[in-house]
Amino acid sequence: MSAHWTERPEGGGRFALKLIFAIALRGGRRLTRLILLPITLYFFLRRGPERRASREFLSRVLQRPASAWDVLRHLHRFAAVILDRVYLLATDCSQFEMHRHGLEGILEKYYEGRGLLMLGAHIGSFEVLRVLSLERPDVKVKVLLDKSQTPEMTDLLHSLNPKIGDTVIDAAEGGTGVVLALKDATEQGALIAFLADRARPHEPTRDVQFLGRPAPLPVAPYLIASALDVPVVLCFGMYRGGNRYDLYFETFAERIDIPRAERQVRLQFWLDAYAARLEHYARMDPYNWFNFYDFWKSNRLADAEPAAVQPRSV
C-alpha cells in the first residue's frame with residue numbers, strides 16, 4: 001500500500017504539466033479531455049501505490065472486489081477534476097453546470113460578519129468552492145494551503161489567476177505567523193477554507209470509524225475552530241461527469257468549544273461528527289474520493305495530546 005500521503009511524488013514534471021496546461025488553454029476542454037485517456041492509463045500502469053489504494057477504498061465502499069475498470073474510472077475522474085481546475089481559474093464558470101445546495105443559508109451566516117470556517121475534504125473539487133471569491137466579490141475568501149506539497153501544480157494554477165493565488169494562506173510557513181494570519185482573516189469577517197481529512201507527518205490525530213475501520217483524522221481543525229470562535233460549515237464539490245458539478249454546503253457547528261478539561265471527549269465528538277459526513281459523501285459518489293494512499297494505516301499519533309494549535313494544510 002502507498003506511503004504516507006506527503007511522501008508520494010507529485011505526478012508529472014513541470015514540463016509535462018506546462019504542456020498539458022498549454023493544450024488545455026489553446027485546444028479547449030473538449031479536445032483536451034481526450035488526452036485524459038492515455039494519461040489515466042499511464043498512471044494506472046506506473047503508479048502502483050495509488051492503484052492499490054484506489055482498489056482498497058473502492059472495494060470497501062462498493063462492498064465488492066473493485067475491478068481494474070473501477071480503478072481506471074476512479075483515476076480518470078481524478079484527472080478530469082484536475083483538468084477542470086485550469087478552466088475554473090483561467091476562465092469564467094459559464095461552461096460548467098453547477099448546482100448549489102445550501103449556499104444561501106451559509107451566506108447568511110457569512111454576512112453576520114463574524115467570520116466563517118469552512119471545512120472540506122479531498123472529495124471532488126475544492127476549486128469550484130474557491131471560485132466563490134470570483135462569483136461573489138463581496139465574499140472575502142481565504143484558503144489555508146500547503147504550497148510545498150505540490151509546488152509545480154500550485155504555481156502553475158495560481159499563475160492562471162493571481163487573484164485566487166492572493167487568497168492563499170501558506171500553511172507550509174507554519175507556526176505563529178499562520179495562526180496570526182487566520183486570526184486576522186477572522187477579524188476581517190473572512191470565510192476561511194481548508195481540508196480536514198489529512199494529517200501531516202507527526203501531526204496529532206485521533207481514530208474514527210470510517211467505512212467500518214478505524215482511520216486517523218487530524219485534530220487541528222477543531223482546535224483552530226475553538227480558538228477562532230466562529231461558525232463552522234462543511235463544503236463538498238462533487239463532480240458528476242461531463243461539465244456538471246454539485247456543490248453541497250451545510251452547517252456543521254454554530255460554535256466549537258473545546259475547554260482543556262474536556263478536550264479528549266470534545267475532540268472525539270467533533271471528529272466522529274466530521275467522519276460521519278465524510279462517509280456520507282464518500283458513499284454518495286465513491287469515484288470522487290481523491291485520497292490515493294492508505295487512508296486507514298497511514299502515519300498516526302492516535303490519542304496524542306496536542307500541545308498547540310497547528311494549522312492544517314489543503
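Mentor: Let's begin with a term: a salt bridge is a side-chain nitrogen of Lys or Arg within 4 Å of a carboxyl oxygen of Asp or Glu. The model is predicted, so local features need pLDDT of at least 70 and side-chain atom pairs count only at pLDDT 80 or more, while totals for chains, interfaces and linings use all residues. Residues are numbered from 1 along each chain as its sequence is written, and side-chain values use heavy atoms, with hydrogens and water left out.

Trainee: Thanks! How many salt bridges does a search of the whole structure find?

Mentor: Side chains of opposite charge can pair when their charged atoms come close. Searching the whole structure for such pairs gives a salt bridge count of 14.

Trainee: What is the N to O distance in the salt bridge of Glu 112 and Arg 114?

Mentor: Take the surroundings first, where buried means under 20% relative accessible area, exposed over 50%, and partly exposed in between (1.4 Å probe, protein chains only). Glu 112 is exposed at 51%, and Arg 114 is partly exposed at 35%. Their side chains meet in a salt bridge with an N to O distance of 3.9 Å.

Trainee: Which residue forms a salt bridge with Lys 109?

Mentor: Lys 109 sits in helix H6, helices (H or I, at least four residues) and strands (E, at least two) being DSSP runs numbered from the N terminus. With a relative accessible area of 13%, Lys 109 is buried. At 2.3 Å, N to O, the side chain that meets Lys 109 in a salt bridge is that of Glu 254.

Trainee: How many residues apart are Glu 254 and Lys 109?

Mentor: Glu 254 lies in the loop between strand S9 (244-253) and H13, whereas Lys 109 belongs to H6 (residues 103-110). Contact means heavy atoms within 4.5 Å, and Lys 109 touches residues including Val 233 and Glu 254.

Trainee: What span does helix H13 reach from its first C-alpha to its last?

Mentor: H13 covers residues 263-284, which makes 22 residues. The expected span of a helix is 1.5 Å times one less than its number of residues. H13 comes close to its expected value, reaching 32 Å.

How values were computed: Lists of a residue's contacts leave out its neighbours within four places in sequence.
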